Structure formats: C-alpha cells, structure tokens
Amino acid sequence: MTDAIANPESEGPAGGWGSLTSLARIASDTHPPAGVVEDIWRMNKPGGVMCVSCAWPKPANYRAFEFCENGAKATLSDLTGARCGPEFWSVHTVAELRSWKDYDLEQTGRLTHPLRYDAETDRYAAVSWEDAFADIGATLKSLPRDSVVFYASGHAGLEASYLYALLARTYGNNNLPQSSNMCHETTSVGLNKVIGSPVGTVVWDDLEKADAFFFFGQNPGSNSPRFLHPLQEAKQRGAKIVTFNPVVEQGLVSFVNPQNPFDMLTGRETPISDEYLQVRAGGDIAAILGLCKVVIEADDDALARNLPRIIDVAFIAEHTTGFDDFIELVRSTDWHAIERESGLSQAALRRAGEIYIEAERVIGVYGMGLTQHSQGAINIAMVVNLLLLRGNIGREGAGCCPVRGHSNVQGQRTVGIAEKTKLIPMDRLKTLFDFDPPTEDGTTIVDAVKGLMSGKIKAFISLGGNLVRATPDQEAMERCWAAQDLTVMVSTKLNRSHLFPGKSAYILPCLSRFERDEQATGVQSVTTEDSFSHISASTGKRTPASEHLKSELAIVAGIAKASVAANPRLTWDDWTSDYSLVRDLIEATYPGDFKAYNARMFQPGGFYRGNAARERVWKTEQGKAVFTTPDRLNALAFADAPGRYRLMTLRSNDQFNTTIYGYSDRFRGIEGTRDVVLMCDDDIRSAGLTEGQIVTLFSDFEDGVRRALPGLRVTRHTLPPGTIGAYYPEANVLVAIDHHDEMSKTPASKAVPVRIEP
Ligand SMILES: Nc1nc2c(c(=O)[nH]1)N[C@H]1C(S)=C(S)[C@@H](COP(=O)(O)OP(=O)(O)OC[C@H]3O[C@@H](n4cnc5c(=O)[nH]c(N)nc54)[C@H](O)[C@@H]3O)O[C@H]1N2
Ligand SMILES: Nc1nc2c(c(=O)[nH]1)N[C@H]1C(S)=C(S)[C@@H](COP(=O)(O)OP(=O)(O)OC[C@H]3O[C@@H](n4cnc5c(=O)[nH]c(N)nc54)[C@H](O)[C@@H]3O)O[C@H]1N2
Ligand SMILES: [Mo]
C-alpha cells in the first residue's frame, strides 16, 4: 500500500545491467561451448529453439532478442561444459551426496550415461540401455498396475508426452500426475468450473490492446521476464498496472530494458505499477471483494443519476449466472471486514477500483500467489467475478491470464498427461490403438505422495522433474521414495530425487531441447504449447552432451516396448524414427486442437489451438460464465492465532524451481545465502527477535506431525505483518501434504501456518 512505489530492498530495477552481470556470472560458471550465443540469439523465433525455461508465449512479430535473463541462464545451464559421468561415482557415494546443496548437485553438469543403482556400494554405475529397459520392463510387469505412477514435469515436448500418456494407459492405469498438480491445477479445475476453460483466454494481441493489467500473485520480473516488454510498451501508451502482492517485487515496480541500448545507456527506467497493494498472504478474496464493492457502488450511483451503467448489464444478463447472489454478498460485506482480511485500506482499494472502472479493457493476471492456497480455486473465481462485472472476458484486449510455469506444462495436459479420465477421449484411443483404456481415474500428486506413505505406490517413473524435492512433507517423502520397488528418472542433471533410490533404481539421461535429435529418418523437431495456447516447433542444433544420450521420446518408447504387451498398432520403433507420425496421432486424437499440425508447426508465433471461452462459448455445467459467491474472506484453512505466521514459500531470481543457479536474489537484496526468513520490522520486534538472529521455523498445521526448518537468518523485509517468507524448495519440509487447495489438491504453499523459535 504505497503512494510513490519504491522497493527498499532491490539493488536496482528489473532488467538493466544487473541482469547482464548475472548472466556473465552463470556463463563463467558453466563454460558453455561454441554456438551457445547463436542459440540464445535464435531462441523463441521460428527455426530456433523454444526456451526450456518458462511457458511465456513466442510473439509472431519477434524482437531482435526474444530471450530473457532466466531463459539465457536455463540455456547456459543445459549447455554447460561440465559432465557428470560414471567416474563421478567412483569418488562419491549416494549417502555422501545427500549432504550436498541443490546448487552443488546442479554444478556436477550433464548426465552422460544411463545409470543403475548398486545398493552394495551405494553408488550408481553405468548400464547399457538394453539392460536398463529390460530390467525396468520386467519389474513393471511384475507389479500391480495401480501401484505404478507415471509423473511428468512440464519439460518434455508434445510428442514424447503423448507417447508417455499412451505408455501409462497401455500399461494399465491413468496414474499420470504432473508438476501442474503442484502449480496451476487450481486453474485447470477452478477456472474451468467458472468459465469452462482450463487455460487462460488472452493471446498476444490482447496485451497490446489492454488499458489495464491487474496482477495477483504473479512475479514477472523473476519468473516470466519477457512479460516485462509488453508491459513496458503498455505503460508507454498509457495503460495502467495494479499489483496485489505481499512482497514488493522489483519487476512490478520498474524495469530497464536490457535489450534496449538507449535504456541501458541512460538507465531510463519504466515504472510498472500505478498502484501496489501489499495484500496479506491469503487475503485476495477480501481484496477483490473490495474492488467489486467499488464497482457496484459506482454502478448504483450511475443508476441513481441516470448515467451510463458501470457494470456490463447486457453481458451479465446474456452470458452469466449467479450474479444476484454474488452482489448480495458484495453489498452485505462491510469495509471493516474487507480491510481486516486483506490488510489493505479502503482508500487504496478505492484507487485500484477506480482504475478498473476507468479501463475499457482489463486483463487479470495471476500465478502461484493465488493458486497455492487452500481456497485457491475461490481466489481464481474472484478474479473471474471481477472481470465478469464489466464483460472483461471474451473481448479484445481483455481476459484472464494465468501465467504457466514450465515450457510445456500446459501442452502436456493437452495431449493426455492427465489423471482424470473425463479429460481424455478414450474412445478415440481405443479405436486408434485397439486396446481397452483403463477406466478408473488416476492419482494426483497429493494422492500419489499419500500412496507412497501408505505403501500402496511401489514404483515411480519420472519424465523430468525432482519430485522428492518439490512436494510437501519432504522428510517423509525421502523415506517413502526409497522404499519403492522401482524408481526411474529421465533427467538431464543430477538432483536430490536421485539420492533416494528405490530397490531397483535407474537414472536415464536425455537430450536437452537444444541438442540435435538424430533418428533413423533424420533430425527431428519437437513442439511445445505456451501459456497462450500456441504451438511452436523447436529444432535442436547443438552436439549432444554425450553420445550415450537418448531423446525423451526414444526413452519413453524403450520403456513401453519392454513393459507393454505387444500390439501391431503400437509401433513404438516407427514413432521413434519419425516424430511426424506421432504428430499425426495427436491430430487424430485431438482433431479440433491440432488441425494440419505438421504443416503449421513452424508458423511464426506458433499456431493457435483456440479457446471457446474467448468466443464467449461457456463449456461450464451451467452453460454460462459463473459468478461465484465465496463463503469466506480469506483463502486459508486455519485461523489467525498468537505466534502463528503465514509463510509464503518463494522463488529467488536465481533458481528455476528446484534448480538453483546461484545465491543472488538481487531484486530482493538477498545475497550469498538462501537460508533466510523474511519478516517485517514489526514482526521481528513483537516476536522478540533481532535482525540476523538464527531461528527455526516449525509447522503449525494441526495434525500432530513435527516439521522443522532450522538455521534461518532473520532478515528484514517490507511485508504485511503476520506474513513471512522463506525459499522454496528448502521450506518444503514445513508444508503438510494434507494442506492443499480443496477443489484441485494443489499444495497450499503460499500460506503455510508456522511458528518461529530462536
Ligand atoms: N526464474 C524462474 N522462473 C520461473 C520459475 C522459477 O523457479 N524461476 N518457475 C516456473 C514455474 S514452474 C512457475 S509455476 C512460475 C511461477 O511463477 P509465479 O506464479 O510468479 O510464482 P511464485 O514466484 O511462486 O509466486 C508469485 C508471487 O506470489 C506472491 N504471493 C505469495 N502469496 C500471495 C498471496 O496470498 N496473494 C498474492 N496476491 N500474492 C502472493 C509472491 O510474493 C510472489 O511474488 O514461474 C516459472 N518461471
Ligand atoms: N513449497 C513450494 N513447493 C513448490 C512450489 C512452491 O512455490 N512452493 N512450486 C511448485 C511448482 S509451481 C512446480 S511446477 C513444482 C516443480 O516440480 P518439478 O517439475 O518436479 O521440479 P523441477 O525443479 O522443475 O525439475 C528439475 C529437474 O528436471 C530435470 N530436467 C531439466 N530439464 C529437463 C529436460 O529437458 N528433460 C528431462 N527429462 N528432465 C529435465 C533435471 O534433472 C532437473 O533436476 O514444484 C512445486 N513445489
Ligand atoms: Mo510451476
């Protein structure tokens, strides 16, 4: 809640020289080979590689530089000169590596050989691909079908992902949870419930036409920095930006375009947010209700004075349901309750509400700050309520914009990596492949972790990711993971999940998207889907990190051939030799989304899959867009209590999820360590602590389990009282597996109830 927005903690604006310095450091850490600069230059452009980092779209009218600091970091990290070969294991045991930090594991470099764990020596050793596939297949065949999970992190392209889902289903289950089960599953379920679309409704052109952007719990400066370019342009044409975030995130305060020589030389900053509202963690329902109250009051006033209405009466009547109940709640909720629950003043909410009213076209942007709460789906429904009031969905320059994480996280769901059977055209799969697809729903991540804990789950295949590190209740997770009969991880780099091998355990190293993928019919391209539902091709050009690597698709096919009953329709070898055949299958399975797929995949900006809600066709139960009346004012599963804080688990600017690139979170002024707890002055004082003191955080989730994270340095930060922050993934030991969004089971990682002790 600031008038002149300033970030007391940041060393400078987002972008600018800081981002170049940060890149130079990573380049010197990774010793990239020749050609990497060319790859970065061509990134996210037709004929180049689509970034392996986030899912931000690739504009058709691309700029000279269509990459960001983090995309370049991810590229340098994939193309590092460092190698983690079999000789590494003659020096280190798995037990020893468990004391290593995520950063140190990442620095060992690219994995070069398929590896099998040997319990006797407590080391991994090289194994041939044939032996690995044969042994994995034999174990899978011996296990009950429902005891095996096929997890995917959002990296792998659409082709490998489609075959991976087919592998699970022909093996015999729908156990296909994905990283989005910890991320935007709240969107897939919650947004779908209210507008009939599991994904956002805006496209690139809308960004260029919007008059206002409302940001709720999304941090573009660190997590989708290319977003700052259209935001900068929006500001330059007079659009307004309003941010709701407990943390003053630098990317939402000001930006120096590192790719604009004039900006760089003059240090010209573009201020981003016009209003910055530091909402309490979990307080967005109340905050948005406040905005809606401003809109309704203005509308009442217009009506009384015979002026044009503020709400879009015609749109509401034709396209929505639930309006009356919602408005009843808006009217009956008093400002006192709104201020208390949001932590924001009525005056600040009025200023933000005025911006909403004055804007003809508004885009509502959100991220993990809304989805990772116990009432995350209601948070999202509230954003939709706000947008619906003025018809801001299904119109140019307006809409709902959830910003996705991994580069192909949205696309993997599109092509069948989903645990919910109702999302899958099973009849088409049956016809195409002549088998009976499993009919029971598969497991979410939360249920998979609980299945591990109870011993029901006996094997995990991971297509990318680092699930042991990414999920809640990490200590229990490490124990249960290692108790499985089989763990198979398709990976590029060593990570903590590899250090808890099952009774039989394999690490299968794959190509990065930048690397040349040579198969029997020649060099292959792969495709991914971005946050705006556009599908683009990537063709890797770099020499693979090792001659022993296989593509993700070839690895999936290898496991499938060894574990799934032979069937003349399952031509895994043909698909591996020519990925365009897989794209034909995807088109046959999803004809509406992938028409002329092979012909269109190199189209600049990608081809659009379409979205009914964008056309105001509402595929909801009610056939209309839904106003939701919340039954509470915060998104929490617990009440406030003395000594209890709401812990947000945060990302630094120097990490991609569990991959830690370094110890510099320069936008937040935190250098050299990640072992910190961020607290405001008032909280430090009232807890009787001093800045710099080392403390332990304890979970205050009322299930009787002791969860502790020791060794954190109290660090002063500008935050609302009662809201504190620590880094993910380190803080995952504090998150309880039963603490998740009610509707979608997304872990509630943004308001974890904790106590602090010296
Ligand atoms: N550099 C980098 N880029 C990434 C990633 C990364 O780790 N590093 N991860 C990728 C992935 S998988 C994802 S999903 C996205 C994640 O990107 P984001 O969606 O931006 O996720 P976070 O950074 O976890 O949290 C977003 C913001 O929510 C705020 N917040 C916390 N609690 C609340 C709340 O209750 N209300 C509100 N209004 N705000 C709140 C936090 O202060 C933070 O600024 O980024 C992707 N891109
Ligand atoms: N407390 C807390 N927990 C969270 C979150 C939070 O904000 N707070 N965020 C959640 C979110 S949004 C997400 S998405 C999850 C992330 O969970 P995951 O997706 O499981 O984790 P990542 O860190 O993205 O996975 C990194 C690993 O993927 C492998 N990898 C990298 N590139 C490739 C590739 O091209 N192919 C293959 N096969 N493997 C590759 C590497 O071995 C690397 O170590 O974590 C969730 N957990
Ligand atoms: Mo994510």
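**Exercise 1. How many of the 10 residues of helix α3 (residues 69-78) are buried?**

Conventions come first. The model is predicted: local features need pLDDT of at least 70, side-chain atom pairs count only at pLDDT 80 or more, and totals for chains, interfaces and linings use all residues. Residues are numbered from 1 along each chain as its sequence is written, chains are lettered from A and ligands numbered from 1 in the order in which they are written, and side-chain values use heavy atoms, with hydrogens and water left out.

Step 1. Buried means under 20% relative accessible area, exposed over 50%, and partly exposed in between (1.4 Å probe, protein chains only). Helices (H or I, at least four residues) and strands (E, at least two) are DSSP runs numbered from the N terminus.

Step 2. In α3, 10 of the 10 residues are buried, so this helix is largely enclosed by the rest of the structure. Among them are Glu69, Lys73 and Asp78.

**Exercise 2. Determine the location and the surroundings of aspartate 654.**

Step 1. Aspartate 654 lies in the loop between β24 (645-650) and β25 (655-656).

Step 2. The relative accessible area of aspartate 654 is 0%, so this residue is buried.

Step 3. Contact means heavy atoms within 4.5 Å. Not counting residues up to four places away in sequence, aspartate 654 touches Arg25, Ile26, Lys73, Ile660, Tyr661, Gly662, Tyr663 and Ser664.

**Exercise 3. Describe the largest nonpolar core.**

Step 1. A nonpolar core is a set of buried Ala, Val, Leu, Ile, Met, Phe, Trp, Tyr and Cys residues joined through side-chain atoms within 4.5 Å.

Step 2. The largest such core has 62 residues, and those touching the most other members are Phe214, Phe216, Phe244, Leu349 and Leu389. Helix α14 (residues 284-304) gives the most to this core, with 11 residues.

Step 3. Leaving aside neighbours within four places in sequence, the contacts of phenylalanine 214 include Val242, Phe244, Leu291 and Ile355.

**Exercise 4. Characterise the largest pocket and its lining.**

Step 1. On a 1 Å grid over the protein atoms alone, a pocket is an open set of points where a 1.4 Å probe fits, with protein on both sides within 12 Å along at least five of seven lines; lining residues have an atom within 4 Å of a point. Grid points are joined across faces, edges and corners, and a volume is the space filled by probe spheres set on the points.

Step 2. The volume of the largest pocket is about 1300 Å³. Of its 40 lining residues, Ser188, Asn192, Ser197, Pro198 and Leu423 are the closest to its centre.

Step 3. Helix α9 provides the largest share of the lining, seven residues.

Step 4. Domain bounds come from an automatic or database domain assignment. Domain 2 (136-179 + 408-611) and domain 3 (185-215 + 230-254 + 263-407) each contribute at least three residues to the lining.

**Exercise 5. Identify the backbone features at proline 729 and alanine 596.**

Step 1. Tyrosine 728 and proline 729 are joined by a cis peptide bond, with omega about 5°. Proline 729 is in the loop between β32 (723-727) and β33 (752-757).

Step 2. Alanine 596 has a phi near 50°, a positive value in a residue other than glycine. Alanine 596 is placed in the loop between α28 (579-589) and α29 (597-600), and at 33% relative accessibility this residue counts as partly exposed.

Key:
Nonpolar A, V, L, I, M, F, W, Y, C, P; charged D, E, K, R; others polar.
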